[in-house]
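Take a look at the sequence and the 3D structure below. We will start with a pocket and then move to a strand and its neighbours.

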Amino acid sequence: MDVIDKKRLIVFLDSGDTLVDESTEVRDEDGIVVSADLIPGAAEMVKTLHSLGFTLALVADGDAQSFKNVLSQHRLHDYFEALIISELIKATKPSPRMFKAAIGALNGSEADFTRTVMVGNNLSRDIKGANALGIISVFQSWTPRYPHTPADESEQPAYTISEPMQLIELVNRLEMELVTGEMAGESSEPRQEGQGQQERQGQQETGAGDHVAF
C-alpha cells in the first residue's frame with residue numbers, strides 16, 4: 001500500500017514560522033541553521049497528525065542541511081514521508097515545481113491536489129502557490145514577521161489558524177467531509193471557503209471573498 005493511502009487527506013507543511021520559530025535560529029558562518037526552537041505546539045501537532053494516519057510532507061524554502069539539522073534536533077525527521085526543499089528542487093514557492101515534487105514523492109499525481117492541504121505562514125509563497133494548483137490553502141497567522149493581509153485574491157487562504165494545534169481539528173473535519181462525500185458519490189474535494197460555514201465552530205462570516213477563520 002502506498003503511503004498516500006493511509007488517509008485520504010494529505011498534509012504539506014512549511015517550516016519557518018509554521019513549525020520553527022525563525023527568531024530563534026542560530027546560523028553558522030555559511031548561513032546554515034544549526035539549531036532553532038519550535039513554535040509552541042508544533043512538535044505535538046506533527047506527532048499527532050502522524051499518529052492519526054495523515055501523510056505529511058515538508059515543503060519548504062531554504063538549505064537542505066538547515067532542515068536536516070533542526071528536524072534532527074527535535075527528532076521530527078521520521079514523521080515526514082517526504083522532504084521537499086527548494087535548494088534541491090532548484091525552485092522556491094510559489095513555483096508549482098515545489099508542490100508537484102511533493103505529490104510525486106508521495107506516489108501521487110496532480111489529481112491528488114484537491115485532497116491536499118498546504119499549511120504555511122507566507123501568503124505570497126505558501127498560499128498563492130497552493131491556490132494556483134487547487135490545493136487547499138491554510139494560513140497560520142502565528143508570526144508577526146510576515147503580512148497577514150493578502151495582496152490580492154491569489155493570496156486569499158481557504159482557512160486560517162493562529163497556532164499549530166488548531167490544525168488537528170481542521171484536518172480531521174476536512175478528512176471527514178472528504179470521506180463522507182466520496183461515500184455519497186459526490187466530488188472528492190473537501191468543502192473550502194464559504195461551504196457549510198455555519199457548521200464550523202468558531203468561524204466568522206466577514207463577507208464575500210473573505211477566508212474562513214478556524
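This is a predicted model. Its largest pocket has a volume of about 400 Å³. The lining of this pocket holds 21 residues, and the closest to its centre are Gly16, Glu22, Glu25, Asp61 and Phe67. Two elements each give two or more residues to the lining: helix H2 (64-73) and helix H5 (123-132). H2 gives the most, with three residues.

What kinds of residue make up the lining of the largest pocket: nonpolar, polar or charged? There are six nonpolar, six polar and nine charged residues.

Now turn to strand E6, residues 116-120. Five of its five residues are buried, so E6 is largely enclosed by the rest of the structure. Buried here means under 20% relative accessible area. In a regular strand, side chains alternate between the two faces of the sheet. Check both faces of E6. Thr116, Met118 and Gly120 lie on one side, and Val117 and Val119 lie on the other. Both sides are covered.

Which strands pair with E6? Strand E1 (residues 10-13) is joined to E6 by four bridges, and the two run parallel. Strand E7 (residues 136-140) is also joined to E6 by four bridges, again in parallel. Follow valine 119 of E6 to see both pairings. Leucine 13 stands opposite valine 119. In E7, the bridge partner of valine 119 is valine 138.

Together, E6, H5 and E7 make a right-handed β-α-β unit.

Notes
Residues are numbered from 1 along each chain as its sequence is written. This is a predicted model: local features need pLDDT of at least 70, side-chain atom pairs count only at pLDDT 80 or more; totals for chains, interfaces and linings use all residues. Side-chain values use heavy atoms; hydrogens and water are left out. On a 1 Å grid over the protein atoms alone, a cavity is a set of points where a 1.4 Å probe fits but cannot get out, and a pocket is an open set with protein on both sides within 12 Å along at least five of seven lines; lining residues have an atom within 4 Å of a point. Grid points are joined across faces, edges and corners, and a volume is the space filled by probe spheres set on the points. Ala, Val, Leu, Ile, Met, Phe, Trp, Tyr, Cys and Pro count as nonpolar, Asp, Glu, Lys and Arg as charged, and the others, Gly among them, as polar. Buried means under 20% relative accessible area, exposed over 50%, partly exposed in between (1.4 Å probe, protein chains only). Two strands pair if DSSP finds at least two bridges between them. A crossover is right-handed if, with the strands pointing away from the viewer, the path from the first strand over the helix to the second runs clockwise.
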